[in-house]
Amino acid sequence: MAEELIRMQNISKSYGRVQALDGVTLRVFEKEIVGLLGDNGAGKSTLIKVLSGAVPASGGDIYVRGEKVAIRNTTDAIANGIETIYQDSALVTELSIARNLFLGRELIKGPRFLDRLDQKAMNEVAGELLRRVGITKNIPPSTPIGLLSGGERQAVAIARAMYFDSELIILDEPTNNLGVAETQGVLRFARAARDSGHSCIFIAHNIHHVFQVVDRIVVMRHGKIVADDINPKNSSVAEVEMVITGMSDEDMRAAIG
Ligand SMILES: Nc1ncnc2c1ncn2[C@@H]1O[C@H](COP(=O)(O)OP(=O)(O)O)[C@@H](O)[C@H]1O
Ligand SMILES: [Mg+2]
């Protein structure tokens, strides 16, 4: 039995009168990619924002390896090994690839108080990381992020999560607005992350992308989890779509007419 990495227990969140999350319990195990699916507005982003410290929950608890933790902001999340990659990753477009990789954790040379960045060391590590995440074009690590394609930016964000050994990497709609090759790149990274011992929560609009990479599918509807143990290997896309919409076969036929 794999070890439990994360447990979000009975999480609730209201935005005024909108109950975005209603008593949600989500567990993520070690070395597992969980696909989180649900219609627009189901509460997926809110759930992962609670886990990544971007929004406070109205109720519930979060456990990392069985220990209760307080995640009040992104720094708390990162300290607990949780790194989130949003659609528009939190990268600084005017800074270089290398600087973005080390954002907030820059390498320093000489005495600490002089605060001199070790640009050379950062460039070296960055070059190696880019190769590892499959950016084989020879892009110098000093290139500003603004000059990269969407897929290359995602690669940089993922490289950052991998290098700093985040235990859980959350990808919220990482393939939106990406081309086919770039999308395949992101899917490959998710698999590589799992294979090197990380866990992932993967949210994507395209259910086929989810089927290609995840080990387990969790479905949310109206702020609740309605299925948490769908094995993509023995379910069809159509079956999962029915769980997402809450429609039975019969409802579907009636709706289509
Ligand atoms: N900042 C916010 N203020 C008010 N309502 C919000 C906010 N963020 C999300 N919501 C509402 O919470 C619900 C869940 O949204 P969200 O978590 O973004 O869903 P999903 O990611 O599954 O599409 C929706 O009804 C949405 O309108
Ligand atoms: Mg969302």
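This report looks at the chain as a whole and then at one of its helices, α6.

The model is predicted: local features need pLDDT of at least 70, side-chain atom pairs count only at pLDDT 80 or more, and totals for chains, interfaces and linings use all residues. Residues are numbered from 1 along each chain as its sequence is written.

Let's start with the whole chain. It has nine helices and 12 strands, where helices (H or I, at least four residues) and strands (E, at least two) are DSSP runs numbered from the N terminus. The radius of gyration is 19 Å, close to the 18 Å of the globule rule for 257 residues, so the chain is as compact as a globular protein of that length. Here the radius is taken over C-alpha atoms, and the rule is 2.2 Å times the number of residues to the power 0.38.

| Property of the chain | Value |
|---|---|
| Box filled by the C-alpha atoms, along the principal axes | roughly 65 × 40 × 40 Å |
| Residues that count as buried | 46% of 257 residues |

Buried means under 20% relative accessible area, with a 1.4 Å probe and protein chains only.

Now for helix α6, residues 180-195. At 1.5 Å a residue, its 16 residues should span 22 Å, and the end C-alpha atoms are 23 Å apart, which agrees. The expected span is 1.5 Å times one less than the number of residues.

Which residues of α6 are buried? Among them are Thr183, Gly185, Val186, Leu187 and Phe189. The buried residues of α6 pack against β3 (33-37), α5 (150-163), β9 (168-172), β10 (199-203) and α7 (207-213). Just after α6, Gly197 takes a positive phi of about 100°.

Terms used: Chains lettered and ligands numbered in written order. Heavy atoms only, no water. Buried < 20%, exposed > 50% of the residue type's maximum accessible area, 1.4 Å probe, protein only. Contact = heavy atoms within 4.5 Å.
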